[in-house]
Amino acid sequence: SMTLQSVFLDTPEIIWDNDKFDKQYNIGRKYLEISKRVDILNQRLAVLNDLYSFLQAQLEVKHSNKLEWIIIVLIVVEILLEIFHMSPWYSKRTASICAG
């Protein structure tokens, strides 16, 4: 599944090294609503993932339908050839060619 990594939500190392920026960092995160934005992006990514899965399934169905039709056409051609081989016209023609 496609989701944003928690790296976006983790506190950067510079904040860990300098405690004096911790308060400003948290105020900035709240002001920019980072958690809400990440949740919204995760929801949108989930929708896109579902759409991608649906489209992929449709392409697979389309491909399998195409293959089924190719098989049907090949079977029909084989049947027609077999009927042609069994016809009296073909039998007479092969007999005259073999008699030569």
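Tutor: Happy to! Let's start at V76, which sits in helix α3, spanning residues 34-86; helices here are DSSP runs of H or I with at least four residues, strands are runs of E with at least two, and both are numbered from the N terminus. Before going further, note that this is a predicted model, where local features need pLDDT of at least 70, side-chain atom pairs count only at pLDDT 80 or more, and totals for chains, interfaces and linings use all residues. Residues are numbered from 1 along each chain as its sequence is written, and side-chain values use heavy atoms, leaving out hydrogens and water.

V76 counts as partly exposed because its relative accessibility is 42%; the classes are buried under 20% relative accessible area, exposed over 50% and partly exposed in between, with a 1.4 Å probe and protein chains only. V76 belongs to a nonpolar surface patch with W69, I71, I72, I75, I79, L80 and I83, and together they have about 790 Å² of accessible area. Such areas come from the Shrake-Rupley method with a 1.4 Å probe, and for residues only the protein chains shown count as cover. Patch members have over 30% relative accessible area and no salt bridge; nonpolar side chains (Val, Leu, Ile, Met, Phe, Trp, Tyr) are joined within 5 Å, like charges within 9 Å.

Now for the charges. The structure holds 1 salt bridge, meaning a Lys or Arg side-chain nitrogen within 4 Å of an Asp or Glu carboxyl oxygen. The side chains of K36 and E33 form this contact at 3.9 Å, N to O. K36 is exposed, at 53% relative accessibility, while E33 is partly exposed at 38%.

Elsewhere, E13, D17, D19 and D22 make up a negative surface patch. Asp and Glu count as negative and Lys and Arg as positive, with His and the chain ends not counted; each charge is placed at NZ of Lys, CZ of Arg, CG of Asp or CD of Glu. D19 lies in the loop between α1 (13-17) and α2 (22-32), and is exposed at 63% relative accessible area.

Stepping back, the protein chain has 4 helices and 0 strands. Of its 100 residues, 6% are buried, and the chain exposes about 9200 Å², 65% of it from carbon and sulfur atoms. The average pLDDT (the predictor's confidence in each residue, from 0 to 100) is 84, with 80% of the residues scoring at least 70.
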